[in-house]
Amino acid sequence: MSGTPGEHDATAATAGFRPRIPAAEWNDWRWHMRKRINSTEKARQWIHLTSEEEKAIAGSAGKYRWSITPYYASLMDPDDPSCPVRQQAVPAPAELTEHPGAEVDPVGDTYYRVTNRVVHKYPDRVILLVTEACPVYCRHCTRKFHTTDLSGTYFRDDEGGALDEDLRYIAEHPEIRDVLLTGGDPLSYPDGRLEEIVAGLRAIPTVEIVRIGSRFPVLLPQRITDELCAMLARYHPVWLNTHFNHPKEITAESAAAVDRLLRHGVPVGNQTVLLRGINDDVATMRKLMTELLRIRVRPYYLYHCDNVTGVSHFMTTVEKGWEVMEGLQGHITGFGVPQYVLTTRIGKIPVARPYFTPTPGGLRLRNHAGQEMTLDAATCPVTEDDAR
Ligand SMILES: *Cc1c(COP(=O)(O)O)cnc(C)c1O
Ligand code: SF4
């Protein structure tokens with residue numbers, strides 16, 4: 001996985017046509033941000049575009065943003081359009097077809113928004129939408145309208161405006177003990193601007209934990225510098241959840257980014273989206289979860305893919321989610337098993353099938369191997385009546 005020091009060589013063996021980038025540039029996240037791929041000419045330096053992809057790029061111009069960091073492009077199979085990394089980042093024709101039931105905001109972020117940036121849906125925690133910008137515009141983004149749609153936004157006012165109103169809302173609601181910075185990707189901001197936001201939250205005594213949702217560890221791990229981590233560590237407790245969807249995304253660079261966060265005391269969790277044709281099979285998910293454990297990332301949620309406008313083609317059935325969960329539960333350690341949730345207007349709802357059924361005789365249990373047994377009420381009282 002790791003290249004030799006000096007020039008990066010992630011691509012040398014399979015794709016000699018790719019540019020060789022000096023390490024000083026490859027390791028500099030600002031270089032990747034400047035050199036993001038957003039034209040067919042630039043994309044052709046990394047992959048052999050199919051005519052379908054070219055059509056989708058042309059067709060989505062003026063509708064959806066697209067942008068790919070050279071780092072993320074280097075993970076793509078140059079010859080295979082079904083490459084799981086490629087499908088997450090290169091536009092596809094299906095994004096532009098209408099799909100029954102699709103909505104731009106099925107989870108109701110805009111409904112629960114109480115200020116320009118604060119979405120208050122749960123009793124003790126809020127999300128703070130700090131930006132619309134991302135290093136790569138994932139084709140499956142659940143906030144595609146906000147991040148990727150050129151005419152869309154969840155912001156009421158400009159994202160660049162002051163945060164006074166947002167911070168005041170949080171301060172005036174002392175039940176909010178947990179603030180999750182999200183977007184877009186909050187780490188799109190330079191450290192200084194980010195620090196202003198985190199420091200603003202830390203100045204509110206009732207805010208106990210600050211969380212960051214960021215896909216930089218996957219899309220551009222070089223962004224996770226020691227300086228950034230040291231800054232975050234000044235405001236502990238700070239947690240970070242990232243978004244690995246496929247084992248191909250776990251590289252020496254991403255492992256090093258996670259390691260830097262952990263060494264600075266930032267626990268790293270992962271939220272995966274179940275995506276048709278990308279990770280909707282047991283073998284891929286088992287590999288993803290166990291590889292995450294190897295780099296000390298704790299699997300957190302497995303999101304069912306919502307029926308979001310421009311994203312519907314990635315949707316699987318709930319039955320597929322059950323199959324994947326049953327391939328994980330009991331087969332790998334419990335802390336490698338994420339919670340399978342449907343994100344809805346009424347919140348994130350756990351939807352994995354239960355491993356027990358209450359029966360008159362007690363609890364009927366099943367395990368990962370398909371064995372069943374009944375635990376009678378005398379052995380394991382379920383209700384207070386059983387216990388008497
Ligand atoms: C997902 C989400 C949160 C955080 O939920 P957790 O289950 O605590 O990770 C908070 N607010 C909103 C609106 C969310 O969508
Ligand atoms: S990084 Fe996250 S917010 Fe940004 S486009 Fe990807 S999934 Fe959406």
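Q: Leaving aside neighbours within four places in sequence, which residues is Glu249 in contact with?
A: In this predicted model, Glu249 is in contact with Tyr71, Tyr72, Leu75, Val85, Gln88, Arg215, Val218, His243, Phe244 and Ser254.

Q: Where does Glu249 lie?
A: Glu249 is in the loop that runs between β5 and α13, the latter covering 252-263.

Q: Is Glu249 buried or exposed, and why?
A: Glu249 counts as buried because its relative accessibility is 0%, and buried means under 20%.

Q: New topic. Which residues are around ligand 2?
A: Around ligand 2 are Cys134, Val136, Tyr137, Cys138, Cys141, Thr147, Gly184, Arg215, Leu219 and His243. Arg215 and His243 are also among the contacts of Glu249.

Q: How does that shell split by class?
A: The shell around ligand 2 has six nonpolar residues, three polar and one charged.

Q: And where does ligand 2 sit?
A: Ligand 2 is in the largest pocket. That pocket holds about 1,100 Å³ of space.

Q: How many residues line the largest pocket, and which lie nearest its centre?
A: The lining has 47 residues, and Thr142, Arg143, Thr182, Gln271 and Tyr303 lie nearest the centre.

Q: What classes are they?
A: The lining of the largest pocket has 21 nonpolar, 16 polar and 10 charged residues.

Q: Which strands each supply at least two residues of that lining?
A: They are β2 (125-129), β3 (178-182), β4 (209-213), β5 (238-242), β6 (268-274) and β7 (298-304).

Q: Which one gives the most?
A: β7 does, with four residues in the lining of the largest pocket.

Conventions
Residues numbered from 1 in each chain as written. Chains lettered and ligands numbered in written order. Predicted model: local features only at pLDDT ≥ 70, side-chain atom pairs only at ≥ 80, totals over all residues. Heavy atoms only, no water. Near = heavy atom within 4 Å. 1 Å grid on protein atoms, 1.4 Å probe; cavity = no way out; pocket = protein on both sides within 12 Å on 5 of 7 lines; lining within 4 Å. Sits in = over half its atoms within 2 Å of the grid points. Nonpolar A, V, L, I, M, F, W, Y, C, P; charged D, E, K, R; others polar. Points joined across faces, edges and corners; volume = space filled by probe spheres on them. Buried < 20%, exposed > 50% of the residue type's maximum accessible area, 1.4 Å probe, protein only. Contact = heavy atoms within 4.5 Å.
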